[in-house]
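This briefing covers the model shown below. It begins with a note on annotations and numbering, then goes through the fold, the core, selected residues and confidence.

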Amino acid sequence: MVTSPPQPKIEELKPGVKAPTKETLLTPRFYITDFEAVANMDISSQEEELKAMIAEMKADYNRNHFVHSKEFKKSWEHIDETTRNIFIDFLERSCTSEFSGFILFKELSRRLKDRSPILSEIFALMARDEARHAGFLNKSMSDFGISLDLGYLTKNRTYTFFKPEWIIYAVYLSEKIGYWRYITVYRHLEKHPENNYYPLFNMFESWCQDENRHGDIFKALLRSQPKMWDHWTGRWWARFFLLTVFATHTLTVQERSDFYDSIGINATEYDRHVIRKTNETSGRAFPVMLNVEHPEFFPGLYRCSDRNMKMKEIDASNAPKFVKSLRKLPLQIGIFADLVKLYFIPAIDAEATRGTVA
Ligand SMILES: [Fe+2]
Ligand SMILES: [Fe+2]
């Protein structure tokens, strides 16, 4: 038990403001897209669905949910320093990823205002939620004496260009995997309250409903574009994004297994559960699901994850840069080869198993 507030050993931009973690392939991305192409998208086949989603979003069920009560301010004292640093890392990653959603949705809403009012409104409502989520996580960080400068992040992060179709596949998956991640932690802590060391976890049940709704909006967008599900290119892109999102999940969960240990969750079981559930859910929107029960699927992902951990060890060593690059090369080739193998495991046709298209 910690009795006085120890200073976190964390790199700071200025006092109390955390220097953002170095960007890698595995850190949350910031996106821009072709706004003109989104404005020209024909959404007529899903217009009713989208209008219904606007009404649901306007009801704003979580309006009074994100309250940073007094309970938050006290509770950090019960967390030891190691756990605290692991937890701050979790908060930062989650805050960055929520904030990246806010920036993208806000910009889409602004650019579509006069061109596509339905989309503009729905993106504004999603931006509202993501701003709340990011702000809440940042406030939680400040309970630990550190926060993120979100204005600095906006100006200094690298923005990745994604075509609108890629944004739809990727954001759909990130919302649905976000839902399964939050609800799985929540359900676990419900059964094991002894591991619940911070009140933020109690909020995950309602929080994940926001992500679930966002996912459903992206599902409507995806189904409004027949090319994304009724064409062979859509099937291959869907496989690509499913595999990319699942591989990123496995690698990041294994990298941060100490966070999951801290709340009494077995990282490997959690990873498999979240992937299985997200894959199953994606079958309601995507033309294909991955065959995650194939005997090579998870072993392949875990080989990639082991190589990723070895690369981290190499990065942390004192060897000269070129020696590090040389030692990492076979590991990178190994990851690439395994991902290609996983990509070609025959997928499951979701259109055939779905029955009626929702
Ligand atoms: Fe969110
Ligand atoms: Fe979301």
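UniProt positions are given in the numbering used here, feature names are shortened, and annotations may be inferred rather than shown by experiment. The UniProt record, an unreviewed entry, annotates residues 89–222 as "domain: Rubrerythrin diiron-binding". This is a predicted model, in which local features need pLDDT of at least 70 and side-chain atom pairs count only at pLDDT 80 or more, while totals for chains, interfaces and linings use all residues. Residues are numbered from 1 along each chain as its sequence is written, and chains are lettered from A and ligands numbered from 1 in the order in which they are written.

**Overall fold**

- The protein chain has 14 helices and 6 strands; helices (H or I, at least four residues) and strands (E, at least two) are DSSP runs, numbered from the N terminus.
- The radius of gyration is 21 Å, close to the 21 Å from the globule rule for 358 residues, so the chain is as compact as a globular protein of that length. This radius is taken over C-alpha atoms, and the rule is 2.2 Å times the number of residues to the power 0.38.
- The C-alpha trace spans about 60 × 50 × 40 Å along its principal axes.
- Two residues are in contact if their C-beta atoms, placed from the backbone, lie within 7 Å. Among contacts between residues at least 6 apart in sequence, 80% join residues at least 24 apart.
- Over the annotated residues 89–222 the chain is 78% helix and 2% strand, with the end C-alpha atoms 33 Å apart.

**Burial and core**

- Of the 358 residues, 35% count as buried (20 or more other C-beta atoms within 10 Å of a residue's own; exposed is 12 or fewer, partly exposed in between; C-beta atoms are placed from the backbone).
- A nonpolar core is a set of buried Ala, Val, Leu, Ile, Met, Phe, Trp, Tyr and Cys residues joined through C-beta atoms within 7 Å. The largest one has 78 residues, of which Ile 122, Phe 123, Ile 168, Tyr 172, Leu 222 and Leu 242 touch the most other members.
- Helix H7 (residues 164–191) gives the most to this core, with 12 residues.
- Leaving out residues up to four places away in sequence, Tyr 172 touches Gly 215, Phe 218, Lys 219, Leu 222 and Ala 285.
- Helix H8 (residues 204–223) is mostly covered, with 16 of its 20 residues buried.
- H8 reaches 28 Å from its first C-alpha to its last, close to the expected 28 Å (1.5 Å times one less than its number of residues).

**Selected residues**

- Asp 271 lies in helix H11 (residues 267–282) and is buried because it has 25 C-beta neighbours inside 10 Å.
- Beyond four places in sequence, Asp 271 touches His 249, Thr 250 and Val 253. Its C-alpha is 8.8 Å from that of Arg 181, 90 residues apart along the chain.
- Ser 97, in helix H4 (residues 81–112), has 19 C-beta neighbours inside 10 Å and so counts as partly exposed.
- Asp 60 lies in the loop between helix H2 (47–59) and helix H3 (70–75). Its phi is near 50°, a positive value in a residue other than glycine.
- Most residues other than glycine have a negative phi.

**Confidence**

- The chain averages a pLDDT of 91, and 94% of the residues score at least 70; pLDDT is the predictor's confidence in each residue, from 0 to 100.
- Confidence is lowest in strand E1 (residues 12–14), at a mean of 73, and highest in H11, at 98.
- Over residues 1–8 pLDDT stays under 50, and the model has 12 contacts beyond four places in sequence for these residues.
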